[in-house]
Amino acid sequence: MIHKRYFEEAARQEKLLAAHNRKTDFYNGIFERYENPVLTREHVPLTWRYDLNAETNPYFEERLGINAVLNSGAIYFNHKYCLAARIEGNDRKSFFGIAESDNGIDGFRFTEYPVELEDMYPEETNVYDMRLTCHEDGWIYGVFCSESKDRSVNDLSAAVAAAGIVRTKDLKHWERLPNLVTKRSPQQRNVVLHPEFVNGKYAFYTRPMDSFIDTGSGGGIGFGLAEDITCAVIDEEKILSRRRYHQITEAKNGECTVPIRGRRGWLHIAHGVRNTAAGLRYVLYAYATSLEDPSEVIAEPGGLLLGPREGERVGDVSNVVFSNGAIAEESGRILLYYASSDTRVHVAETSLDRLEDYIFGTPEDPGRSPLCVQQRCDLIRRNLELLGMEE
């Protein structure tokens with residue numbers, strides 16, 4: 001017999017799922033924010049969390065609880081906006097679930113079951129942060145972090161990160177491929193697959209790391225080519241977007257979303273991390289690479305594109321925004337999905353024209369305070385001249 005409390009909770013959840021999302025009054029000319037998160041732990045189906053049987057669960061307790069829903073890959077597929085969300089259970093283990101929406105800003109509902117990955121690596125403990133790439137070879141690829149215990153040291157928290165790879169044709173049946181091998185980097189996180197072949201090869205954006213947390217000698221976002229996706233090996237990594245002292249990428253940085261083909265270049269959204277007295281602060285930034293050679297950076301505006309604001313600052317890992325999914329429509333609209341404080345998923349809206357104008361029209365970070373002040377004074381002077389206020 002179904003527990004009577006199920007029907008109360010189902011009605012409450014339906015109200016959440018049916019709620020309309022509206023734009024806030026936030027303005028910077030680059031993108032719009034929306035009032036409500038598009039995914040939270042409350043969006044996860046009750047059938048994934050509760051035993052509905054009144055006999056085996058007389059108090060209708062949450063048997064397999066959900067702590068957070070965060071970093072989601074994104075793709076438009078079969079006339080639906082689809083998010084491959086990272087779902088973290090109360091047990092700290094993450095898994096993936098596909099949520100679909102008709103408009104991309106509200107009404108996201110998870111499909112019947114979470115994603116089941118082939119258990120290829122017995123030492124693998126956790127998986128998370130899948131990027132979805134619709135590749136020109138006809139497959140949809142998911143690249144994610146595969147985490148295992150580091151048994152080479154006597155440290156219970158030590159881990160090893162690798163880039164796991166799966167592919168699908170329908171977002172339901174997933175074929176797991178061997179993890180990516182990078183010959184010169186002992187660990188990899190935040191790896192993204194480029195949507196087109198480069199010189200007839202599969203192109204990856206990597207994040208070379210010496211250890212699980214610290215990038216060490218890894219200089220920033222890398223770029224490498226692999227001959228065969230079914231056994232992907234990268235011999236050489238070229239650093240594209242570098243870590244820099246006293247900038248938003250000082251501690252580390254990594255590719256976020258699959259690059260978007262613009263008119264003037266490939267448009268990239270990445271994350272930058274810096275240390276603060278309150279811990280690590282994660283923000284999003286943007287840059288562009290050449291259409292002819294995606295390994296060549298051609299524009300890198302200074303500063304952050306999107307940072308945590310107001311309630312977004314609070315959560316499991318506070319003062320963080322992170323993204324691994326964006327959808328670029330044929331109309332030019334771009335929906336950027338980002339998580340705040342490792343707790344929930346939001347959406348921001350921009351357009352191809354606006355994002356490209358931001359990337360190519362915003363000046364680079366000159367690197368020193370006196371130069372930054374001069375940069376700003378030059379802007380003020382030009383504006384005052386336009387306003388007829390310059391003496």
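**Notes on pockets, cavities, sheets and rings**

1. The lining of the second largest pocket takes at least two residues from each of β2, β6, β19 (260–261), β23 (321–328) and β24. Strands here are DSSP runs of E with at least two residues, and helices are runs of H or I with at least four; both are numbered from the N terminus. The model is predicted: local features need pLDDT of at least 70, side-chain atom pairs count only at pLDDT 80 or more, and totals for chains, interfaces and linings use all residues. Residues are numbered from 1 along each chain as its sequence is written, and side-chain values use heavy atoms, with hydrogens and water left out.

2. That pocket holds about 640 Å³ of space. Its lining counts 26 residues, and Cys134, Ala326, Ile327, Ala328 and Glu329 lie nearest the centre. β23 gives the most, with five residues. By class, the lining of this pocket has 17 nonpolar, five polar and four charged residues. (Nonpolar covers Ala, Val, Leu, Ile, Met, Phe, Trp, Tyr, Cys and Pro; charged covers Asp, Glu, Lys and Arg; the others, Gly among them, are polar.)

3. A word on method. The search runs on a 1 Å grid over the protein atoms alone. A cavity is a set of points where a 1.4 Å probe fits but cannot get out. A pocket is an open set with protein on both sides within 12 Å along at least five of seven lines. Lining residues have an atom within 4 Å of a point. Grid points are joined across faces, edges and corners, and the volume is the space filled by probe spheres set on them.

4. How many cavities of 30 Å³ or more does the whole structure have? The search finds two. β25 gives the most, with three. Eight of the lining residues are nonpolar, one is polar and one is charged.

5. The second largest cavity has a volume of about 50 Å³. Among its lining residues are Asp129, Arg131, Phe144, Cys145 and Gln188. β6 (124–134), β7 (140–149) and β8 (159–168) each supply at least two residues. β7 has the largest share, three residues. The lining of this cavity divides into six nonpolar, two polar and three charged residues.

6. Now the sheets. Strands pair through backbone hydrogen bonds, either parallel or antiparallel. Two strands count as paired if DSSP finds at least two bridges between them. β24 and β25 run antiparallel and are joined by eight bridges. Tyrosine 337 stands opposite valine 347 in β25.

7. Another open sheet has four strands in the order β2-β3-β4-β5, also antiparallel. Its edge strands are β2 and β5, each pairing on one side only. β4 (residues 94–101) and β5 run antiparallel, joined by two bridges. Alanine 99 has phenylalanine 110 as its bridge partner in β5.

8. Rings next. Rings of Phe, Tyr and Trp (its six-membered ring) pair if their centres lie within 6.5 Å; planes under 30 degrees apart count as stacked, over 60 as edge-to-face, the rest as tilted. The count is 13 aromatic pairs. Phenylalanine 26 and phenylalanine 31 form a stacked one, at 5.5 Å centre to centre and 25 degrees between the planes. Both are buried (under 20% relative accessible area; exposed is over 50%, partly exposed in between; 1.4 Å probe, protein chains only).

9. Why is the pair of tryptophan 48 and phenylalanine 110 tilted? Their ring centres are 5.5 Å apart and the planes stand at 50 degrees, so the pair counts as tilted. Tryptophan 48 lies in the loop between β1 (32–33) and β2 (66–77), and phenylalanine 110 in strand β5 (residues 109–110), so the pair ties together parts 62 residues apart in sequence. Tryptophan 48 and phenylalanine 110 are buried. Trp48, Phe95 and Phe110 form one aromatic cluster.

10. Last, charges over rings. A charge sits over a ring if NZ of Lys or CZ of Arg is within 6 Å of the ring centre and within 35 degrees of the ring normal. The charged end of arginine 33 sits over the ring of phenylalanine 26, 4.9 Å from its centre. Lysine 169 has its charged end over the ring of tryptophan 139, 4.4 Å from the centre.
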